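Q: Can you walk me through this structure? I'd like to take it piece by piece.
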Number of protein chains: 2
Amino acid sequence: MIDFTAHYFTMKEADAIEYARTMLDYFDASSELTCKEIGDGNLNYVFRVVDSKTGRSIIIKQAGPVARISDEFKLSTDRNRIEYEILKLQNDLAPGLVPKVYKYDPIMSCCVMDDLSDHIIMRKALMEHQSFPQFAEDITTFMVNTLLLTSDVVMEHKTKKELVKSFINPELCEITEDLVYTEPFMDHPRNDVFPPTRAFAEAELWADKELLLETAKLKFEFMQNAQSLLHGDLHTGSIFVKKDSTKVIDPEFAFYGPAGYDVGNIIANLIFAYIHTDAMLAEEVRKEEHKNWLAKSIEEIIDMFKVKFLDAWKEKATEVASRYEGFDQFYLEGIIKDTSAVTGLELCRRTLGIAHVKDITTIQPEEKRARAEKLCLAAGKRFILERSNISRGTDFVRLLKESEARF
Amino acid sequence: MIDFTAHYFTMKEADAIEYARTMLDYFDASSELTCKEIGDGNLNYVFRVVDSKTGRSIIIKQAGPVARISDEFKLSTDRNRIEYEILKLQNDLAPGLVPKVYKYDPIMSCCVMDDLSDHIIMRKALMEHQSFPQFAEDITTFMVNTLLLTSDVVMEHKTKKELVKSFINPELCEITEDLVYTEPFMDHPRNDVFPPTRAFAEAELWADKELLLETAKLKFEFMQNAQSLLHGDLHTGSIFVKKDSTKVIDPEFAFYGPAGYDVGNIIANLIFAYIHTDAMLAEEVRKEEHKNWLAKSIEEIIDMFKVKFLDAWKEKATEVASRYEGFDQFYLEGIIKDTSAVTGLELCRRTLGIAHVKDITTIQPEEKRARAEKLCLAAGKRFILERSNISRGTDFVRLLKESEARF
């Protein structure tokens, strides 16, 4: 019998079954457990343990000792503690929009949570051209509740500072600082540039000093501005969906940062889906339909976010200065500008940096992928440089469509 | 014999002598110790223990269990740990510009440090119209070294985040958030308004919605922006001077905040000295001389800060984005705008809020004090509202002199 209380080791599927049997109060003694490691992220092992007699199942997620993306990133397994605590907190703030967590085990660096196998990873679903009418509603509720309610607008300031302290996340923030804010904007050895895209990147991004200067401002904003408790990695690979349900997962990058970081990640990843559909869906009518749904979702997410944000502000703000005339609008417009910038950063970094998205890399043939990547870069650059003119949902869609028309 | 290792209690002078004898390795067995409590701050007890045989002396500074300013502020005695660690760090960053610390005692919440009795508190010295030719040089070195070298420009980002965590300072930040950023800008019950100043405050400050909105922006900047490890209370009462020496003391408000907060406090408190001299120094020639020295110091502090800041940036920046063309200037101009705003906040809050400065309250007769206070408020408001046009040392002096000409 394995002693899971002695010291950390990386579990295999058989270990996860034994862990479920001996460390959890979830399955009956008569259960017949099977297990599969289903992780496709870069940092963790995800074990799905199922009782084949009853169909009941659970997820055991264990932090690996190093990032799976590259041995260069050595990561403390403390991120699993962060994930557990964040999921509990997010479930309080936005009930039903994250998986329930049952246990955190600091020795094995794992946490145990709901199995969402009846859901599908949103990136995959979008690449199959599925649409989710509930998504804009759910994700804006999630973002407004987690971002505004953890800010100094709503939260008692001493409590907020304790949360800031508790979720200082140096190692995962470093990954973002390097991979999102720095490397894609120069000819960096860790980049992974699709050869037909290189000349465009050199001419339009790497040679542009104005763009470089803006990325410096944004990077310092990311490092300094403890505005809201972010998810920190809110792309469509971190979201489980089905028609009537949205579950945000994988908050291990969580820390206090600029609220627009989360919103911008959502928008950029819907743009990847849009570009994927444009390139890969053969049937014209369905293509236009799905592109229209995606464009409409982008527009709605921005506009619904703004409406819900101001409503929640009105209802829940506790900070006296948040009641001063005009401050809510000023604050919100700042978030939308950050959203635009982060949309642009994400579009560029997923194209040129080390961590690509399948929406783009699966585009065939090569010329189509090259066109798609140039579109990502051209739009990305504009979302960064023109952020002070971006305010409404239609501004985001207009900029995307104008960039599309260029290629 | 008292057991200082059992539990915290508030020391009296006799206890401090025994503490020096039994807990420190500083005085000989044959020493003849005397002690005086010399604290005039609001939060701590400061015991000066002297060996009358040799003249050797030392300071034992103990955190009181509540703020002496008002029982409303209950403070954790953890601030003494913060003070000890900050003084050690500041002495590494800016050698010779803070007192040396010898010991921190977490049970008694006290720390032991150099006695600076050969120095004088700068506020007092300035009210006696003394000048300090070394001051601009020293204080700009102190500020550039402590502010820039603890920022993400120079410091490795994971190390910086550990420092942010270590110096989260919820209680003392709350005092600043309330007393500096909020209460002075409304008719708040905790304000202490000199009656002849009230009508002016009502008309020019409390009725001004634009000003109120700017204070909200600045308050959130103070709460969110973890730019540099601040002193956090850098007024002329926190500085010991003699002709050839400057020692910054009392860093218990230290935390990661906007760098301009420290610089603005210095400038505002030199302005208080300027206004005091104008009102109270009878002899015209000496008055002009001392006012000129103060104005020149303000100008030099801003301009020397900027030059030294860019030099240190060039020499010590490690962050790759800090080398992008134009970013150093952008970053520095942001600090100067914050400096202007904080100069304005400090001018207003010391006039209307609970914590006054003697430079102003000692002005006699009443009409002169009222004039001085209106000047503080009028200039303060402009430093806040016009901060985006303020960049050079002469801009600060010009705005002061234009405000002076109004009354």
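This is a predicted model: local features need pLDDT of at least 70, side-chain atom pairs count only at pLDDT 80 or more; totals for chains, interfaces and linings use all residues.

Q: Okay. How many bridges link strand S8 of chain B with S9(B), and in what sense do they pair?
A: Four bridges, and the pairing is antiparallel. Strand S8 covers residues 239-242 of chain B.

Q: What order do the strands of that sheet take?
A: The order is S6-S8-S9 in chain B. The sheet is open, with three strands and antiparallel pairing.

Q: Which strands sit at the edges?
A: Strand S6 (120-121) and strand S9 (245-248) of chain B. Each of them pairs on one side only.

Q: And which helix packs on the sheet?
A: Helix H4 of chain B, residues 135-148. Helix H4 touches S8 and S9 of chain B. The direction of H4 makes about 35° with that of S9(B).

Q: New topic: the two chains. How many residues of chain A are in contact with chain B?
A: 40 residues of chain A, and they meet 40 residues of chain B.

Q: What area is buried between chain A and chain B?
A: About 3600 Å². Carbon and sulfur atoms give 67% of that area.

Q: Which three residues supply more of chain A's buried area than any other three?
A: A:Lys161, A:Gln224 and A:Tyr324. Together they supply 19% of what chain A buries against chain B.

Q: How many salt bridges are there between the chains?
A: Eight between chain A and chain B. One of them joins the side chains of B:Lys161 and A:Glu177, with 2.7 Å from N to O. There are also twelve residue pairs in polar contact between the chains.

Q: Which helix gives the largest share of chain A's side?
A: H8(A), with ten residues.

Q: What classes of residue make up that side of chain A?
A: It has 18 nonpolar, seven polar and 15 charged residues.

Q: Last one: where does B:Lys53 lie?
A: In the loop between strand S2 (44-51) and strand S3 (57-63) of chain B.

Q: What does B:Lys53 touch, leaving out residues up to four places away in sequence?
A: B:Ser30 and B:Glu32. A polar atom of the B:Lys53 side chain lies 3.0 Å from the backbone oxygen of B:Ser30.

Q: And how far is B:Lys53 from B:Leu33?
A: Their C-alpha atoms are separated by 8.3 Å. Along the chain, the two are 20 residues apart.

Definitions and conventions. Residues are numbered from 1 along each chain as its sequence is written. Chains are lettered from A and ligands numbered from 1 in the order in which they are written. Side-chain values use heavy atoms; hydrogens and water are left out. Two strands pair if DSSP finds at least two bridges between them. Helices (H or I, at least four residues) and strands (E, at least two) are DSSP runs, numbered from the N terminus. Contact means heavy atoms within 4.5 Å. Axes are lines fitted to C-alpha atoms, for helices over the stretch in contact, and angles run from 0 to 180 degrees between N-to-C directions. Buried area is the accessible area (1.4 Å probe) that two parts lose on being put together, summed over both. A salt bridge is a side-chain nitrogen of Lys or Arg within 4 Å of a carboxyl oxygen of Asp or Glu. A polar contact is a pair of N or O atoms within 3.5 Å; within protein, one must be able to donate a hydrogen and the other to accept it, and residues adjacent in sequence count only if both atoms are side-chain atoms. Ala, Val, Leu, Ile, Met, Phe, Trp, Tyr, Cys and Pro count as nonpolar, Asp, Glu, Lys and Arg as charged, and the others, Gly among them, as polar.
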